[in-house]
Amino acid sequence: MYWPSLFAIPAPKAMSLHGKRVWIIGASSGIGEALAYVCALEGAHIALSARSGSRLESIAETLPGSGHKALTLDVTDIPSFHRSWEILQ
């Protein structure tokens, strides 16, 4: 049972990802990689970011759909973050 329903709070409505851009930071393995696949299956265009660029490229190539981008990024490097943001705009 969805616990907020006990307090008359309605369940959140499902959001469609079809055609939307999703930027996943930490997408080279684990939860980030799995999330990329789930979002791509929902029709999203994925921007994958992590410090290991070669791994991101191989993931981007295997994602279903099109329009995916792999951006090598270290979030502690602020200029790198800004460059990645500009590429996605």
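Q: Where is the place of tyrosine 37?
A: This is a predicted model in which local features need pLDDT of at least 70 and side-chain atom pairs count only at pLDDT 80 or more, while totals for chains, interfaces and linings use all residues. Residues are numbered from 1 along each chain as its sequence is written, and side-chain values use heavy atoms, with hydrogens and water left out. Helices (H or I, at least four residues) and strands (E, at least two) are DSSP runs, numbered from the N terminus. On that basis tyrosine 37 is placed in helix α1.

Q: Is tyrosine 37 buried, partly exposed or exposed?
A: Buried means under 20% relative accessible area and exposed over 50%, with partly exposed in between (1.4 Å probe, protein chains only). The relative accessible area of tyrosine 37 is 27%, so the residue is partly exposed.

Q: With which side chain does the side chain of tyrosine 37 make a polar contact?
A: Leaving out residues up to four places away in sequence, tyrosine 37 touches (heavy atoms within 4.5 Å) Ile59, Thr62, Leu63 and Pro64. A polar contact is a pair of N or O atoms within 3.5 Å; within protein, one must be able to donate a hydrogen and the other to accept it, and residues adjacent in sequence count only if both atoms are side-chain atoms. At 2.6 Å, the side-chain partner is threonine 62.

Q: How many aromatic pairs does a search of the whole structure find?
A: Rings of Phe, Tyr and Trp (its six-membered ring) pair if their centres lie within 6.5 Å; planes under 30 degrees apart count as stacked, over 60 as edge-to-face and the rest as tilted. Ring pairs link Trp23, Phe81 and Trp85 into a cluster. The number of aromatic pairs found in the whole structure is two.

Q: Why is the pair of tryptophan 23 and phenylalanine 81 classed as it is?
A: Tryptophan 23 lies in strand β1 and phenylalanine 81 in helix α3 (residues 78-88), 58 residues apart. Tryptophan 23 is partly exposed at 22% relative accessibility, and phenylalanine 81 is partly exposed at 28%. The ring centres are 5.5 Å apart and the planes are at 20°, so the pair is stacked.
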